[in-house]
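Welcome! Take a moment to look over the chain below, and then we can walk through part of it together.

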Amino acid sequence: MGKEQFSYLIQKSGLVRIFWEGRCVMTLGGKRGHKLTSDVQAAKDEARVQYLLQRGTGNFKRGNERPKR
C-alpha cells in the first residue's frame with residue numbers, strides 16, 4: 001500500500017462516498033455500500049481501513065491488486 005490517504009463519508013441515505021486527497025473518487029450504494037460500511041466499522045486499525053477503501057474504489061490507485069506473499 002502506498003502513502004495515499006483515503007477517507008470516507010457515510011450519508012443518511014446509505015451511500016458511501018470515498019475520497020482521495022479531498023476529492024470524491026467513488027460513491028457506493030446498495031449491497032456494496034452496506035458491505036463496505038460494515039467492513040470499515042469492524043476494521044481494527046487504520047491500515048486495514050485504507051486497504052478496504054482502496055478495494056472499494058476498484059482499480060483506482062491499484063486498490064484491487066493482491067498483496068505480495
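Which residue in β3 is the bridge partner of W20? In β3, that partner is R23. Before we go on, please keep in mind that this is a predicted model, where local features need pLDDT of at least 70, side-chain atom pairs count only at pLDDT 80 or more, and totals for chains, interfaces and linings use all residues. Residues are numbered from 1 along each chain as its sequence is written, and side-chain values use heavy atoms, with hydrogens and water left out.

Let's begin with the strands, which are DSSP runs of E with at least two residues, numbered from the N terminus. Strand β1 covers residues 6-10 and pairs with β2 in the antiparallel sense over five bridges; two strands pair if DSSP finds at least two bridges between them. Here Y8 stands opposite I18 in β2. The hairpin of β1 and β2 has five residues between the strands, and in it G14 takes a positive phi near 100°.

Now look at β2 itself. Four of its five residues are buried, so β2 is largely enclosed by the rest of the structure. Buried means under 20% relative accessible area, exposed over 50%, and partly exposed in between, using a 1.4 Å probe and protein chains only.

E21 has a positive phi of about 50° although it is not a glycine. Most residues other than glycine have a negative phi. With 60% relative accessibility, E21 counts as exposed.
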